[in-house]
Amino acid sequence: MHALTVLRGGTVVTPEGVRRADVELREGRIARIDEAIEAPGADVVEVGGRYVIPGGVDPHTHLDTVFRDQRTADDFSDGTAAALAGGTTTLIDFCIQPRGVRVGEALERWHARLDVHRPACDIGCHFAVTDLTVPGALADLAALPDRGIPSFKTYMAYPGRTMLEDDGQRQVLDVAARTGATVLVHAEDGHAIEALIARALAAGQVAPRFHARTRPPETEAAAIARIAELAERAGAALYVVHVSSALGVEALVAARERGAAVRGETCPQYLLLDESALDGPVEEAAKFVFTPPPRTAGDRARLWRALADDELAVVSTDHCPFDADGQKRTVEGGDFTTILNGAPGVEQRLVLLHEHGVRRGRISLERWVELCATAPARAFGLAGRKGELTVGADADVVVFDPERRWTITAAAQRSRVDYSPYEGTTVTGTVERVYRGGRLAVDGGRVLAAPGDGAFLPRERPGAGR
């Protein structure tokens, strides 16, 4: 049974406003939000001086995933526990189709891994399409929204591995338009980047800094402009993942002004880190090899403005954790292309956005909650259920202490990865308690939720939430 809990005297924060109120959690749902709630038999928790916010929704993570024969440091159990520790109660991960594997078989493999490494919080998935030549690919793709997967991902990068050429992009966009699905896209001009990489390697430019220099912002902006045009012609909804640059933002805004149904996200690494992180010794710089790469201070400032002005709609993490000691090292005699791409961050998103966004006046409290919880839930078919403090929604609730000062370290994080890109960063504000489905899942930094407390989360088509 779910406990009856009243969170008393907190500051309730939603995108609609901030107010003092009690919150009643009953039978796994939010039952009441009001002043001075009386609920006989309830576990009353005094949360005065704390923010009470909806559990975060991170729509972009890579857990229990294999790249280049290396599996991410966090499986579904560890990654969801880390998410909970950081105040995120819902994840949407990726089922990436191996080339040559049918859509249905790829999904069966993803669910099999989920059955072994059971999640501690609810988790859905987007289907990442990499091969349309397998039998029945488009028909199988079209059936996914009715199976609770109303979102497909395509890559415009990594030719020969995951990239779809324009004709394949058109086919996926057409299926999405017919079925009401959303297409997420990794927007970088893959062929231009491969040419720049070949030129760099031929010139002996092998250090990690050339990871960024061979993926300039122009390759992101050009890809966003092209895919937005294709999506507009198809009449499909488009969502651009990990927008990293000022040029990328401008391309997205221009497409929307033309009438394209396109939204975008960015991630903490693009808001807080810059390309200088790639200039250190290889073993240190390798930690900051992720794609797109970190940019400049000017790009960071433009991304913050885009979040404040709703030009970008969501902050996700693209949590893709490979250990620095071993997995992210270059092979002997190798170059920057041999470093595994990806960075962790699912555990630090809320506190980083509070510190560098809210406390520094870049975004409001309301916008913080919207970017990290409400907007991603609404974008991906979870409206009215996740990411909201409304009566009837799932009782996924975070109690956040805005005054506690502490320092981020890898040693103290719940994630299994052996480093943090934000090591040594001091923040004010911490996740104190987390309720998942009305049950206490995190208390004072201790994760109480167990593998299996969460489950696969089927989603509605966007806009179809109750």
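This is a chat about a predicted model of one protein.

User: How many helices and strands are in the protein?

Analyst: There are 13 helices and 19 strands. Keep in mind that the model is predicted.

User: What is the radius of gyration, and what would a compact globule have?

Analyst: The protein has 21 Å. A compact globule with 466 residues would have a radius near 23 Å, so the two agree. Along the principal axes, the C-alpha trace spans about 70 × 50 × 45 Å.

User: What share of the residues count as buried?

Analyst: 60% of the 466 residues. The protein exposes about 16900 Å². Carbon and sulfur atoms supply 47% of that area.

User: And the contacts: what share join residues at least 24 apart?

Analyst: 76%, taken among contacts between residues at least 6 apart in sequence.

User: How many positive and negative side chains are there?

Analyst: 54 positive and 66 negative. The centres of the two sets lie 1 Å apart.

User: New topic. How many aromatic pairs does a search of the whole structure find?

Analyst: The search finds 9. One of the pairs is Tyr-51 with Phe-400, whose ring centres are 6.4 Å apart. Their planes are at 10°, under the 30 degrees cut-off, so the pair is stacked.

User: Where do Tyr-51 and Phe-400 sit in the chain?

Analyst: Tyr-51 is in strand β5, residues 51–54. Phe-400 is in strand β16, residues 397–407.

User: What kind of pair do Trp-368 and Phe-400 form?

Analyst: An edge-to-face one. The centres are 5.0 Å apart, with 70° between the planes. Trp-368 lies in helix α13 (residues 365–379) and Phe-400 in strand β16, so the pair ties together parts 32 residues apart in sequence. Trp-368 is buried, like Phe-400.

User: Which residues form one aromatic cluster?

Analyst: Tyr-51, Trp-368 and Phe-400.

User: Let's move to Val-289. Where is it found?

Analyst: In the loop between α10 (282–285) and α11 (297–308). Val-289 counts as buried because its relative accessibility is 0%, below the 20% cut-off.

User: What is Val-289 in contact with, leaving aside neighbours within four places in sequence?

Analyst: Its contacts are Pro-208, His-211, Leu-278, Lys-328, Ile-339, Leu-340, Asn-341 and Gly-342. Ile-30 is 259 residues from Val-289 in sequence, and their C-alpha atoms are 41 Å apart.

User: Where is the cis peptide bond that involves Pro-292?

Analyst: The bond joins Thr-291 and Pro-292, with omega about -10°. Pro-292 is also in the loop between α10 and α11.

User: What is phi for Asp-64?

Analyst: Near 50°, a positive value. Asp-64 sits in the loop between β6 (56–58) and β7 (66–67). At 2% relative accessibility, Asp-64 is buried.

User: And what is phi for Tyr-158?

Analyst: Near 65°, again positive. Tyr-158 is in the loop between β11 (151–155) and α4 (166–179). Its relative accessible area is 14%, so Tyr-158 counts as buried.

User: Last one. Is Gly-235 buried or exposed?

Analyst: Exposed, because its relative accessible area of 57% is over 50%. Gly-235 is in the loop between α7 (217–234) and β13 (237–240). Gly-180 is 55 residues away along the chain, and the two C-alpha atoms are separated by 9.9 Å.

Note on methods. Residues are numbered from 1 along each chain as its sequence is written. This is a predicted model: local features need pLDDT of at least 70, side-chain atom pairs count only at pLDDT 80 or more; totals for chains, interfaces and linings use all residues. Side-chain values use heavy atoms; hydrogens and water are left out. Helices (H or I, at least four residues) and strands (E, at least two) are DSSP runs, numbered from the N terminus. The radius of gyration is taken over C-alpha atoms; the globule rule is 2.2 Å times the number of residues to the power 0.38. Buried means under 20% relative accessible area, exposed over 50%, partly exposed in between (1.4 Å probe, protein chains only). Contact means heavy atoms within 4.5 Å. Accessible areas come from the Shrake-Rupley method with a 1.4 Å probe; for residues, only the protein chains shown count as cover. Lys and Arg count as positive and Asp and Glu as negative; His and the chain ends are not counted. The place of a charge is taken as NZ of Lys, CZ of Arg, CG of Asp or CD of Glu. Rings of Phe, Tyr and Trp (its six-membered ring) pair if their centres lie within 6.5 Å; planes under 30 degrees apart count as stacked, over 60 as edge-to-face and the rest as tilted.
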